[in-house]
Structure formats: structure tokens, C-alpha cells
Amino acid sequence: MILRINNLSRHYGSTKAVNGISFDINQSDYVAIVGPSGSGKTTLLSMITGMLSSSSGEIYFDTLKLSSITKGELARFRAKNIGLIFQFSELVSHLSVEENILLPALLVGKFEEQEYREKCEFLISSLHLHTIRNQLPSSLSGGQIQMTAIARALINEPEILLADEPSGDLDPENSELVRKLLSDFNSRGLTILLVTHDMNLAFDAKTIYEMREGSFTRVVK
Ligand SMILES: Nc1ncnc2c1ncn2[C@@H]1O[C@H](COP(=O)(O)OP(=O)(O)O)[C@@H](O)[C@H]1O
Ligand SMILES: [Mg+2]
């Protein structure tokens, strides 16, 4: 799948949160956007997920124009094709870590049950979640919740992963596990768009754009 962003803007009054950004992401690309707090990263990503409308510009997934589909179509498209990680994720409170990771499997059902079990084991082991796999979210730290949400975003092997500060709540050790996992999934073909202020996390990206005050200021890599 190809993601095409064309002259995208979002203004809040006189604040140009995102100001005329264009770029393409091709199949199996790994693109990172780095920039300080307030530079417009979350606004940009929220428009790409379809959760925030743009002031102007277009977003295409292949030939699908995001603004031209209904809310229901958007929800189905997202569940099937897009993995999402937010800075502060929420889990379903009455489900265990393992059940939360497997939840998208129930919603989409892309693979056989045994395949989902294997994928879940791989994610649990890659992110060192063994000891908490049966715990409920209320007994987890912020970092453990985030690690669970990252596994949940990957269980359906989405076409593209959109991640907003996935390491925001993580200690350096867990950030490193996430960096390795993203890199590993990308080398097996997952397309990734990561926005972060954390250069260490962005290190493996093939393309890195620097964002300031709503615009891309330079291509770091
Ligand atoms: N809902 C909103 N209403 C008004 N201003 C907003 C809103 N969301 C973001 N902004 C402003 O847009 C700019 C970019 O914010 P944001 O996209 O959250 O940046 P980042 O994710 O890089 O920290 C900031 O100046 C912020 O204050
Ligand atoms: Mg942000």
C-alpha cells in the first residue's frame, strides 16, 4: 500500500499546526518524523488516521481518498489495514494483557486461531511480557500498558503502522525492545510511519524528516 500526503494543512485559529505538508510512503518504507513538542506531529498523524479532519489537502491510501469515505467505511478500513499506537494507550479493563493483545483478532479475524496464538507468543516474548500476560490493566504500570498496546497494534499484521511517540512512557530498556521490534517487522515488510521526539527510536528509519512549526524543515536521512 502507498500512502500519499498532498499539501496537507490543519489550522487552529492563527496557529498553523500543520502547514502544507506533502510526502509519500511506499510499501515497506520506514519513515520517521522527528520534531520538538508542539511542532505538529500529533496533528499530522491524527489526520492520517482519519480521526481529525484537515483544513486543506488530501490523504490517499493507494487510490482511496480518506476524506471521501463514510465513518463506517473508515472504521472498517482502519481495523483491517492500519495498526495504531498512541502516546497514551488504553486497554480494555476487564481483559488480561494477553486477551487485550488478541482483541483485534476477534474484530478482524485475518488469520487462523493457531496462527494468532503463535503471533501472540512472538510479541509477548519480543516485548518481555511473559510475567504480566495474565494480569489486568489496573495492575500494570504506564510502560506495561504501552508495551501491551504496541503488541496489540501488530497482532493483525497491518499494512501500515502509524505510531505517535510509542516510547513516550517507556524506560530506555523497553524503548530499545520497541526499537528492535519495529525494525524487525519493517525488515519483514511492514510499512511504518513513526512520529517522535526520540532520535534513538527513529534511528532505524530509512527516511527521517525534521518537523518544526507545522512544516518539514529538512531531511535528516
Ligand atoms: N485541539 C487543538 N486546539 C488548538 N490548538 C491545538 C489543538 N491541537 C493542537 N494544537 C496546537 O497545534 C500545535 C501542534 O500540536 P501537536 O500536533 O500536538 O504537536 P506535537 O505532537 O508535535 O507536540 C501546537 O501549537 C498546539 O498547541
Ligand atoms: Mg504529540
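Which residues are around ligand 1?

## Ligand 1 site

The residues around ligand 1 are Tyr12, Thr15, Ala17, Pro36, Ser37, Gly38, Ser39, Gly40, Lys41, Thr42 and Thr43. A residue counts as near a molecule or strand if one of its heavy atoms lies within 4 Å of it. For glycine 40, a backbone N or O atom lies 3.1 Å from an oxygen atom of ligand 1. Threonine 42 uses its side chain: a polar atom there lies 2.9 Å from a ligand oxygen. A polar contact is a pair of N or O atoms within 3.5 Å; within protein, one must be able to donate a hydrogen and the other to accept it, and residues adjacent in sequence count only if both atoms are side-chain atoms.

## Basis of the model

This is a predicted model in which local features need pLDDT of at least 70 and side-chain atom pairs count only at pLDDT 80 or more, while totals for chains, interfaces and linings use all residues. Residues are numbered from 1 along each chain as its sequence is written, chains are lettered from A and ligands numbered from 1 in the order in which they are written, and side-chain values use heavy atoms, with hydrogens and water left out.

UniProt, in an unreviewed entry, places the feature "domain: ABC transporter" at residues 3-220. UniProt positions follow the numbering used here, feature names are shortened, and annotations may be inferred rather than shown by experiment. The span is 36% helix and 28% strand, and its end C-alpha atoms lie 20 Å apart. Helices (H or I, at least four residues) and strands (E, at least two) are DSSP runs, numbered from the N terminus.

## The open sheet

Four strands form an open, antiparallel sheet in the order S2-S1-S4-S5. Its edges are strand S2 (15-25) and strand S5 (64-65), each pairing on one side only. Two strands pair if DSSP finds at least two bridges between them. Strand S1 (residues 3-12) and strand S4 (residues 56-61) run antiparallel and are joined by five bridges. Within this sheet, asparagine 6 stands opposite glutamate 58 in S4.

Helix H1 (residues 41-48) packs on the sheet and touches S1, S2 and S4. Its direction makes about 125 degrees with that of S1. Axes are lines fitted to C-alpha atoms, for helices over the stretch in contact, and angles run from 0 to 180 degrees between N-to-C directions.

## Helix H1

Six of the eight residues of H1 are buried, so the helix is largely enclosed by the rest of the structure. They are Lys41, Thr43, Leu44, Leu45, Met47 and Ile48. Buried means under 20% relative accessible area, exposed over 50%, and partly exposed in between (1.4 Å probe, protein chains only).

Isoleucine 48 has a relative accessible area of 0%. Leaving aside neighbours within four places in sequence, isoleucine 48 is in contact (heavy atoms within 4.5 Å) with Leu3, Ile5, Phe23, Ile59, Phe61, Leu66, Leu162 and Leu193. Just after H1, glycine 50 takes a positive phi of about 85 degrees.

## Helix H4 and lysine 119

Lysine 119 is found in helix H4 (residues 113-126). At 17% relative accessibility, this lysine counts as buried. The side chains of lysine 119 and glutamate 157 make a polar contact of 3.0 Å. Beyond neighbours within four places in sequence, lysine 119 is in contact with Phe111, Ile155 and Glu157.

## S3, S9 and S10

Strand S3 (residues 30-34) runs parallel to strand S9 (residues 207-212), with four bridges joining them. Valine 34 stands opposite glutamate 210 in S9. S9 is also joined by four bridges to strand S10 (residues 215-219), here antiparallel. Arginine 212 has serine 215 in S10 as its bridge partner. S9 and S10 form a hairpin with two residues between them.

## Positive phi values

Most residues other than glycine have a negative phi. Glutamate 213, in the hairpin turn, has a positive phi of about 45 degrees. Aspartate 62 has phi near 55 degrees, lies in the loop between S4 and S5, and is partly exposed at 44%. Histidine 128 has a positive phi of about 55 degrees and lies in the loop between H4 and helix H5 (142-154).
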